[in-house]
Amino acid sequence: MNIGFYGHSNCAYRSNDSFIDLISTYLGANIVNTGTRQGSEERVLYELKKTKKIDVAIIFHCNPSNLFLPGCDRDIGISNMSQSRSEYMFNKWDGFAEIHHSKFLQKFKSAENFWNSFQTYKEYFYDPDLQVNRFNGALLQIDSYIKFKSIKCIHVVENIPSWFTFSSGMVDYEIMKIIKNNPQESGTFFVNCISKIGNELVANKLIELIHRGS
């Protein structure tokens with residue numbers, strides 16, 4: 001079984017304690033994709049279409065304000081970007097940044113270059129309504145693609161437009177509640193930004209849903 005995870009930071013990290021690896025071990029499954037830090041809906045669509053062999057897609061749908069950065073291994077949130085945050089993203093954190101978004105560092109070279117690029121984008125190419133339209137367009141295409149390809153899918157959702165209804169897969173609103181109720185300890189990092197118990201609870205819930213969809 002090939003399982004792909006798509007979406008934001010809550011499905012981006014792997015280790016023995018990650019719910020991704022707990023699921024892989026339990027089901028004897030191959031993991032063919034994982035999420036991305038501050039992942040965007042457009043990246044979900046992009047990576048989903050590039051995955052050639054997939055039996056189950058688990059999609060953590062993203063925040064509409066997250067912006068796709070082609071050629072990078074992370075995306076960004078437009079609404080919370082500042083010059084101080086851009087400098088923070090280039091902090092090496094004892095190697096953490098180089099491990100988890102080295103392509104981003106290589107592409108933009110420096111915090112100053114990234115910040116100048118972002119300001120240019122915001123001034124000349126950005127409009128909040130356009131950003132929402134891009135999110136909605138990606139959401140519709142993801143749903144259509146999953147349905148056309150007959151891929152078994154679990155949509156993990158929190159905030160989806162009220163006018164939209166999925167025509168593919170199963171839709172789950174409980175997993176994001178589990179994640180919010182089991183955060184990592186303040187000032188520390190744990191895989192998928194969830195506590196160890198939280199990762200176990202998410203793994204159990206997703207295994208249940210995968211079996212239900214079989």
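Tutor: Let's start with a definition: the rings of Phe, Tyr and Trp (for Trp, its six-membered ring) pair if their centres lie within 6.5 Å, with planes under 30 degrees apart called stacked, over 60 edge-to-face and the rest tilted. This is a predicted model, where local features need pLDDT of at least 70 and side-chain atom pairs count only at pLDDT 80 or more, while totals for chains, interfaces and linings use all residues. Residues are numbered from 1 along each chain as its sequence is written, and side-chain values use heavy atoms, with hydrogens and water left out.

Student: Okay, how many aromatic pairs does a search of the whole structure find?

Tutor: Some of these rings gather: Phe-90, Phe-104, Phe-108, Phe-114, Trp-115 and Phe-118 form one aromatic cluster. Searching the whole structure, the number of aromatic pairs is 13.

Student: Which kind of pair do the rings of Phe-5 and Phe-19 make?

Tutor: A pair of aromatic rings is described by the distance of the centres and the angle of the planes. For Phe-5 and Phe-19 the centres are 5.9 Å apart and the planes are at 65°, so the pair is edge-to-face.

Student: How far apart in sequence are the parts that this pair of Phe-5 and Phe-19 ties together?

Tutor: Helices (H or I, at least four residues) and strands (E, at least two) are DSSP runs, numbered from the N terminus. Phe-5 lies in strand β1 (residues 2-6) and Phe-19 in helix α1 (residues 19-27), so the parts they tie together are apart in sequence by 14 residues.

Student: Which strands stand at the edges of the sheet?

Tutor: Two strands pair if DSSP finds at least two bridges between them. The open sheet has five strands in the order β2-β1-β3-β6-β7, with parallel pairing. Two of them have a single partner strand each, so one side of each is left without a neighbour in the sheet: these are β2 (30-33) and β7 (170-172).

Student: What does the twist average from one strand to the next?

Tutor: Axes here are lines fitted to C-alpha atoms, for helices over the stretch in contact, and angles run from 0 to 180 degrees between N-to-C directions. Going from one strand to the next, the average twist is 20°.

Student: In β6, which residue is the bridge partner of Val-56?

Tutor: Strands β3 (residues 56-60) and β6 (residues 152-156) run parallel and are joined by five bridges. On its other pairing, β3 runs parallel to β1, with four bridges, and there Tyr-6 stands opposite Ile-59. Back in β6, the partner of Val-56 is Lys-152.

Student: Is β3 largely enclosed or left open by the rest of the structure?

Tutor: Val-56, Ile-58 and Phe-60 point one way from β3, Ala-57 and Ile-59 point the other way, and all are buried. That is five of the five residues, so β3 is largely enclosed.

Student: Which strands does helix α9 touch as it packs on the sheet?

Tutor: Contact means heavy atoms within 4.5 Å. Helix α9 (residues 196-213) has a direction at about 160° to that of β7, and the strands touched by the helix are β1, β3, β6 and β7.

Student: What is phi of Asn-192 near?

Tutor: Most residues other than glycine have a negative phi, and most peptide bonds are trans. Asn-192 lies in the loop between α8 (174-181) and α9, and at 0% relative accessibility it counts as buried. Its phi is positive, near 65°.

Student: What distance separates the C-alpha atoms of Ser-9 and Asn-192?

Tutor: Ser-9 lies in the loop between β1 and α1, and at 16% relative accessibility it counts as buried. Leaving aside neighbours within four places in sequence, Ser-9 is in contact with Thr-36, Arg-37, Gln-38, Asn-192 and Cys-193. Ser-9 and Asn-192 are 183 residues apart along the chain, and their C-alpha atoms are separated by 5.9 Å.

Key. Buried means under 20% relative accessible area, exposed over 50%, partly exposed in between (1.4 Å probe, protein chains only).
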